[in-house]
Amino acid sequence: MSKDRDMRPDDKEDDRKTLGERLREAREYLGFSQDQVAMFLGVSRSALSLMESGQRKVDALELKKLAGLYKRSVGYFTGEEDDVAIGADVKHLARKVSDLSSEDKEELARFADFLRARKQKQEG
């Protein structure tokens, strides 16, 4: 029997809820609004909201488009691949940096290199 047929209805609901949570987290992490993502997908904002709450199934083509938009693998959203654990502080910094210009991002990278070198000098 296939894995799908062996699953209890509660398992499918939990999987849909987990998928929805991951979709919402990825959208918020990148700073997209539900309206923006819904327009990208060609669905209503309420349909996207239902996807993110686990109340609406996400079809394969929608999931593929979302994975591309969010720069994640489909496997990440389905739970087949683990995400690299990133702390809340790093996520916060990434959100702040996403709005910077290319030049400012380069300067920030140089500053991070400076801080890393200073730390190594203090430890060494």
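How many helices and how many strands does the protein have? I counted eight helices and zero strands, taking helices (H or I, at least four residues) and strands (E, at least two) as DSSP runs numbered from the N terminus. Along the sequence that reads α-α-α-α-α-α-α-α.

**Ground rules.** This is a predicted model, where local features need pLDDT of at least 70 and side-chain atom pairs count only at pLDDT 80 or more, while totals for chains, interfaces and linings use all residues. Residues are numbered from 1 along each chain as its sequence is written, and side-chain values use heavy atoms, with hydrogens and water left out.

**Whole chain.** I looked up burial, where buried means under 20% relative accessible area, exposed over 50% and partly exposed in between (1.4 Å probe, protein chains only). Buried residues come to 20% of the 124 residues. Then contacts, meaning heavy atoms within 4.5 Å: of those between residues at least 6 apart in sequence, 49% join residues at least 24 apart.

**Helix 3.** This one spans residues 34-41, and I found Gln34, Val37, Ala38 and Leu41 buried in it. Why do they sit on the same side of helix 3? Because they cover an arc of only 100° around the axis, the arc being that of the directions from the helix axis to the C-beta atoms. After helix 3 comes Gly42, with a positive phi near 80°.

**Helix 3 against helix 4.** Two packed helices are described by the angle between their axes and the distance between the axes. Here the axes of helix 3 and helix 4 (residues 45-52) come within 8 Å and cross at roughly 105°. My axes are lines fitted to C-alpha atoms, for helices over the stretch in contact, with angles from 0 to 180 degrees between N-to-C directions. That makes helix 3 roughly perpendicular to helix 4; the label covers 65 to 115 degrees, with under 35 roughly parallel, over 145 roughly antiparallel and the rest oblique. Helix 3 brings Gln34, Asp35, Val37, Ala38 and Leu41 to the contact, and helix 4 brings Arg45, Leu48, Ser49, Met51 and Glu52. Sorted by class, I get five nonpolar, two polar and three charged residues. For the classes, Ala, Val, Leu, Ile, Met, Phe, Trp, Tyr, Cys and Pro are nonpolar, Asp, Glu, Lys and Arg charged, and the others, Gly among them, polar.

**Arg27.** Is Arg27 buried or exposed? Arg27 lies in helix 2 (residues 9-30) and counts as buried because its relative accessibility is 8%. Its side chain has a polar contact of 2.7 Å with that of Glu52, and also reaches the backbone oxygen of Phe32 at 3.1 Å. A polar contact is a pair of N or O atoms within 3.5 Å; within protein, one must be able to donate a hydrogen and the other to accept it, and residues adjacent in sequence count only if both atoms are side-chain atoms. Beyond its neighbours within four places in sequence, Arg27 touches Phe32, Ser33, Gln34, Val37, Leu48, Glu52 and Tyr70.

**Helix 5.** I list Glu62, Leu63, Leu66, Ala67, Leu69 and Tyr70 as buried. They fall within an arc of 165° seen down the axis, so they line one face of helix 5. Exposed Ala60, Leu61 and Lys64 are on the face turned away from that buried side. At the start of helix 5, a side-chain oxygen of Asp59 comes to within 3.0 Å of the backbone nitrogen of Leu61.

**Lys71.** Lys71 is in the loop between helix 5 (60-70) and helix 6 (74-78). Its phi is positive, about 55°, although Lys71 is not a glycine. Lys71 is exposed, at 70% relative accessible area.
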